[in-house]
Amino acid sequence: MNKKIIGGVIAVIIVLIAATVLVKNNSKQSDVSSHPIKIGAVISLSGFAAPWGEYARNGMNLAVKQINEAGGINGRQVELIIEDDHTDGKDAVSAYTKLISVDHAQGILGGVFDFTGQPLLPLALNNKIPFISASNFRIPGGFELNSQSFVMLPDFSKVIRQLKTYLSFSTVKSVAVVHFKSSFGNEIAKTLDAVVKENGGEGIVNEEYGKIGDNNFRTTIAKLKAQHVDTVFLDMVGNDPVNFLTQSRQLGFAPKFISYNGVLDSFPEGTDKSLLEGVTILNWEISGPRFIEMYKSAYGVEPTKSADKWFDAVYVMAQGIAQSSDSSAVATYIERTKFTTPDDTIMFTSDHAVGDISTAIQVVKDGMVVEWVR
């Protein structure tokens with residue numbers, strides 16, 4: 001056969017092989033781009049944390065809607081699969097397992113409270129599946145993060161330390177922390193103990209309790225009264241703040257009370273809100289004006305309970321998945337990337353927490369929550 005003919009045949013074969021490879025590669029890319037970005041969420045939609053879960057769900061759904069209406073990320077739509085943990089750590093593990101093994105989620109959001117998020121941290125590490133707990137703080141030795149896990153809030157002690165100025169300007173002699181036994185409550189007690197000592201005091205009186213809801217605090221109140229405690233920080237949800245303040249009034253115990261923004265949820269319509277008069281509130285649930293406008297437009301009410309953090313977490317996770325070759329690479333992408341969402345700009349520290357958030361010290365005065373003034 002003529003050498004020119006042979007050369008031509010070889011050239012045609014090479015072109016055909018190259019075309020076939022190109023078609024296959026384009027087909028693979030098309031397949032990937034057509035697959036949805038699957039994000040699983042483990043949140044509390046029942047149990048006493050259900051109000052927090054509702055805002056989490058709303059924030060996530062709003063993000064998914066906006067992303068998909070804008071064409072997705074890299075042309076891929078976001079699919080959100082939500083499982084209820086019933087405000088129980090064991091159920092959170094079951095929900096996580098279902099999302100990974102049955103739904104094949106590529107990333108997980110979850111843990112409305114610390115004790116529903118903590119059991120998921122080692123699972124994320126073992127499975128090399130990225131995990132973001134949007135409404136939890138980093139707590140060294142408590143809510144400790146690993147290479148696969150992130151939080152949308154900073155170190156908790158940094159936020160609690162916002163009270164240092166308040167305590168130094170107030171006539172505080174003896175401080176007690178009455179808290180639920182958890183890493184969250186323990187960190188409040190530990191940080192305030194350090195703050196009180198830095199302000200020249202002797203530290204705090206530490207009082208733990210073991211269950212949430214329907215508690216009788218009379219023994220604790222009598223003990224604090226006998227110790228002449230004049231300032232009490234309450235780490236409580238459900239009806240416990242109502243119980244503690246009511247029983248304090250009945251027993252003639254009237255210290256300065258401090259709590260956080262969640263205490264307001266314990267006083268729905270019909271509850272004696274005069275119990276809140278004079279209570280100081282450390283508020284870290286401050287949404288930006290853009291998110292408030294978006295949320296109110298979608299749901300008719302203002303956001304709270306970290307709804308904005310759950311919104312942002314969807315954007316972070318979806319972009320991380322879309323820009324990574326597989327699930328095991330997503331966490332590395334997230335820790336190295338500065339994210340811009342319609343709400344905020346987010347970048348994680350080396351500890352996988354955010355650097356800072358807006359906080360405010362407020363006081364209930366004449367039934368209204370107003371800024372504390374020195």
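A: Happy to! Five strands form an open sheet, in the order S2-S1-S3-S4-S5, with parallel pairing. Two strands count as paired if DSSP finds at least two bridges between them. Helices (H or I, at least four residues) and strands (E, at least two) are DSSP runs, numbered from the N terminus.

Q: Which strands stand at the edges?
A: Strand S2 (78-84) and strand S5 (149-151) do; each has a single partner strand, so one side of each is left without a neighbour in the sheet. From one strand to the next, the twist averages 20°.

Q: Before we go on, what kind of model is this?
A: This is a predicted model: local features need pLDDT of at least 70, side-chain atom pairs count only at pLDDT 80 or more, and totals for chains, interfaces and linings use all residues. Residues are numbered from 1 along each chain as its sequence is written, and side-chain values use heavy atoms, leaving out hydrogens and water.

Q: Thanks. How many bridges join S1 to S2?
A: Seven, and the two strands run parallel. In that pairing, Val42 has Glu83 in S2 as its bridge partner. S1 is also joined to S3, again in parallel, by four bridges, and there Gly40 stands opposite Ile108.

Q: What lies between S1 and S2 in the β-α-β unit?
A: Helix H2 (residues 50-69); together S1, H2 and S2 make a right-handed unit. Right-handed means that, with the strands pointing away from the viewer, the path from the first strand over the helix to the second runs clockwise.

Q: Is S1 mostly covered or exposed?
A: Mostly covered: six of its seven residues are buried. Buried means under 20% relative accessible area, exposed over 50%, and partly exposed in between (1.4 Å probe, protein chains only).

Q: And the other end, how do S4 and S5 pair?
A: Strand S4 (residues 131-133) pairs with S5 in the parallel sense over three bridges. Phe131 has Ser149 in S5 as its bridge partner.

Q: Which strands does helix H3 touch?
A: Helix H3 (residues 89-101) packs on the sheet and touches strand S1 (37-43), S2 and strand S3 (107-110), with its direction at about 170° to that of S1. Helix H12 (residues 307-322) packs on the sheet too, touching S1, S2, S3 and S4, and its direction makes about 145° with that of S1. Contact here means heavy atoms within 4.5 Å. Axes are lines fitted to C-alpha atoms, for helices over the stretch in contact, and angles run from 0 to 180 degrees between N-to-C directions.

Q: Switching to charges: how many salt bridges are there?
A: The structure holds 13. A salt bridge needs a side-chain nitrogen of Lys or Arg within 4 Å of a carboxyl oxygen of Asp or Glu.

Q: Which residue does Arg161 pair with?
A: Glu198, with the closest N and O atoms 2.7 Å apart. Arg161 lies in the loop between helix H6 (156-160) and helix H7 (163-169) and Glu198 in helix H8 (residues 183-198), so the pair ties together parts that are 37 residues apart in sequence. Arg161 is partly exposed at 33% relative accessible area, and Glu198 is partly exposed at 41%.

Q: Are Lys309 and Asp308 buried or exposed?
A: Both are buried, and their side chains meet in a salt bridge (3.0 Å, N to O).
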